[in-house]
Amino acid sequence: MTSTQSKTTCILIIEDDTDVREALADFLQDQGYQVAGAANGREALAVLRRIEPPCIILLDLMMPVMSGWEFRREQQQDPALAAIPVAVVTGIRNTVDRIAALNPVGYFQKPVDLSALLATVATYC
Amino acid sequence: MLKEPGPLLRYSSAVAGIALATLVRLCLSPVLGADLPFITFFLPVVFAAFYGGMGPALLALILGTLSAAFFFIHPAHSLTIAAPAPLLGLALFFSVGLTSAFLCEALRHAQRRAEAGAQAALRQKGELEREIKERRQAEATLQFLTHASEQLASSLDLQTTANQVVDLAVPLVADACLVDLLVEETTIRRIAGAHVNPEKRELLRELQGHGPLSVSAAHPIARVIRTGQFDLDPEISAASLADRAQDAEHLRLLQRLDPRSSLIIPLVARGRIMGALSLWSSDSGRRFQAADLNIAEELARRAAVAIENARLYQAMQEADQHKDDFLAMLGHELRSPLSAAHTTLQLLRHPNRDRSDPQRLLDRVERQVHRMARLIDDMQDLSRINRGKVLLRPEPLDLVPLVRETAEDCRGAAEESGLTLAISLPESPVPMRGDPTRLSQVLVNLLNNAIKFTDAGGQLTVALIHDANWATLTVKDTGIGIEPGLLPQLFESFHQAERSLERSRGGLGLGLALVKGLTEIHGGQVSAHSDGLGRGTEFTVRLPIISLPMP
């Protein structure tokens, strides 16, 4: 599952904890992916207006300013963004229905199972 | 029981009897001559003995003898007695008379004894009946209170319990019953009410909606709660009713409810006055009096215990929820550094490309270790503070260099977040006695908090001033501010200023709880002020600089 080719589209990591975000970015970049980051939902929306739609979004849920839930709502209402697959990466245990309501393509509890993450990313990127 | 005739009557009837006997004997004189001079006098003497007693009998005897001697014994019209024959009659007369007198006296004596005995028996019966009535009442009261205890023990829900209290009191003890509780030391809130008259129940509900009462109001309920003394108003006057009204509308409601008599008992549990139980009487015509106090106080005692239990249970549930929320957040807080460390370690172990930056990656791992260690230290510190077990190492110190160095240590983190840090210190030293590590911890926590909640471009200010007795340290930021309603809970652990759990900056809110705990064990106080959301926050720490005994 490793790749030495660079992809043209990138992975967007939306995560407020800088160390978590940068660690994931380093890891995914090492795997050959392009990575963009945002510290909360609002920042992410701004980033998405500037770049090509990412192949997948890795979304944290508990964030200041705009949470993962709020971001997902906004994303689903925007036709330009609605189709981008979203995988949830979270530290809080959530109920099954709350997660299902987000309709994600993957659900990862921290600390992230990296091989599973790579498998999911490879499907869309 | 015949009423004993008075002495006048007794003696005059004796005299009258003799007079009559004399007359009759006079009438019989033509037939009898001088024979049987005493014959008619026997009857009046016996009668006098029976009706009048010893005294009148003796009087009748003497008068009879005199009369007979004067009128009928030879020589007539004189008191001398010549012939021997009348002496027999006289002797007979006297013996009959005296015998009658003594017998009748004995009879009267026995009668009096019997009457006294009867009266005593009657009294005893009356006392017994009273005692039985009292015992029955006491039994009924006990039964009522036992039933009340059972009912009140059946639920730990506050509203249910309060409703049970009022339903128990009405209609057995009162026509209407109200339960008011003291909330947050200053406000009195009505939480339950009942009325025997279904039409008035709606009015009671309206009364309840009339808003809380201040504990310093002139209302008798407020007075009862302030003083812990009961208030008994056997006949509520118009003026007294007006005292209970907060406004004209309220007064009209009260007038329609028409309470005529009231008894208000404080609800006391664990030595604390927590509210009041009001008993009203209106339609039934019953008026409260001191005798009703006993059962009212007993009911109030049980009600207070039950309500306090419900409150404690509620507090316990809230604490439980708080703990659950805390633990959930704790999980989140630990998982982030774990995740960052794990991801970075995986990269270090199986890199796909050559890394030119192992140091950066190792630094990140180390940083996560420190984060987790810090979290655990904070939690343990807070736990120790809460249990009163923090070990202080007090020594004489100067706050000026302590504040300067600590603030400077945080400058890096501030600048990394795009913030400026200004430090304002006095020229001369500010000596005090304290634990420098802990005081430093207070400032670090306040600064970290300010950094966390202030967006890039903002400004932080640390200032220290003092007077003769107090040093005042302020940490001000231009950050997101705090909603005024959340200020009271700010220093409790895990009460994020932003309520919504979704949108949060994470963190367990331990920092401020630690700040408060550590400040207070130095004998100081901490407070927070914010003009509102988006308007920044200022924390003020006051520390005593005269030497106070350290725990």
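This report describes charged pairs, aromatic rings and one glycine in a predicted model.

## Basis of the model

The model is predicted, so local features need a pLDDT of at least 70 and side-chain atom pairs count only at pLDDT 80 or more, while totals for chains, interfaces and linings use all residues. Residues are numbered from 1 along each chain as its sequence is written, chains are lettered from A and ligands numbered from 1 in the order in which they are written, and side-chain values use heavy atoms, with hydrogens and water left out.

The predictor's confidence in each residue is given as pLDDT, on a scale from 0 to 100. Chain A has an average pLDDT of 89, and 94% of its residues score at least 70. Over residues 1-6 of chain A, pLDDT stays under 50. For that stretch the model has nine contacts beyond four places in sequence, a contact being heavy atoms within 4.5 Å.

## Salt bridges between the chains

Side chains of opposite charge can pair when their charged atoms come close. A salt bridge is defined here as a side-chain nitrogen of Lys or Arg within 4 Å of a carboxyl oxygen of Asp or Glu. Over all chains, the count by this rule is 28 salt bridges. One of them links A:Asp19 with B:Arg371, whose closest N and O atoms are 3.5 Å apart. A:Asp19 belongs to helix α1 (residues 18-30) of chain A and B:Arg371 to helix α11 (residues 358-386) of chain B, so this pair joins two chains. Helices (H or I, at least four residues) and strands (E, at least two) are DSSP runs, numbered from the N terminus.

How accessible are the two partners, A:Asp19 and B:Arg371? A:Asp19 is buried, at a relative accessible area of 9%, whereas B:Arg371 is partly exposed, at 28%.

A:Asp26 is buried, with a relative accessible area of 8%, and B:Arg364 is buried at 2%.

## A salt bridge within one helix

In chain B, B:Glu249 forms a salt bridge with B:Arg252, and their closest N and O atoms are 3.2 Å apart. The two residues are three places apart in helix α9 (residues 248-257) of chain B, so about one helical turn separates them. B:Glu249 is partly exposed at 38% relative accessibility, and B:Arg252 is partly exposed at 47%. Elsewhere, salt bridges that share partners join A:Asp17, A:Asp19, B:Arg367 and B:Arg371 into one network.

## Aromatic rings

A pair of aromatic rings is described by the distance of the centres and the angle of the planes. Rings of Phe, Tyr and Trp (its six-membered ring) pair if their centres lie within 6.5 Å; planes under 30 degrees apart count as stacked, over 60 as edge-to-face and the rest as tilted. This rule gives five aromatic pairs over all chains. B:Phe38 and B:Phe93 are stacked, with 4.9 Å from centre to centre and 20° between the planes. B:Phe38 lies in the loop between α1 (7-32) and α2 (42-52) of chain B, and B:Phe93 in helix α4 (residues 85-152), so the pair ties together parts that are 55 residues apart in sequence. B:Phe38 is buried at 3% relative accessible area, and B:Phe93 is buried at 0%.

B:Phe93 also pairs with B:Phe41, in an edge-to-face arrangement with 6.4 Å between centres and 70° between planes. B:Phe41 is buried, with a relative accessible area of 0%. One aromatic cluster is formed by B:Phe38, B:Phe41, B:Phe42 and B:Phe93.

## Charges over rings

A charge sits over a ring if NZ of Lys or CZ of Arg is within 6 Å of the ring centre and within 35 degrees of the ring normal. A:Arg98 lies over the face of A:Trp69, at 4.2 Å from the ring centre. In chain B, B:Arg542 lies over the face of B:Trp470, at 4.3 Å from the ring centre.

## A glycine in a strand

B:Gly193 is part of strand β2 (residues 187-195) of chain B and is partly exposed, at 34% relative accessibility. Beyond its neighbours within four places in sequence, B:Gly193 has contacts that include B:Val166, B:Cys177 and B:Gln208. B:Gly193 and B:Gln208 are 15 residues apart in sequence and 8.1 Å apart in space, C-alpha to C-alpha.

Conventions:
Buried < 20%, exposed > 50% of the residue type's maximum accessible area, 1.4 Å probe, protein only.
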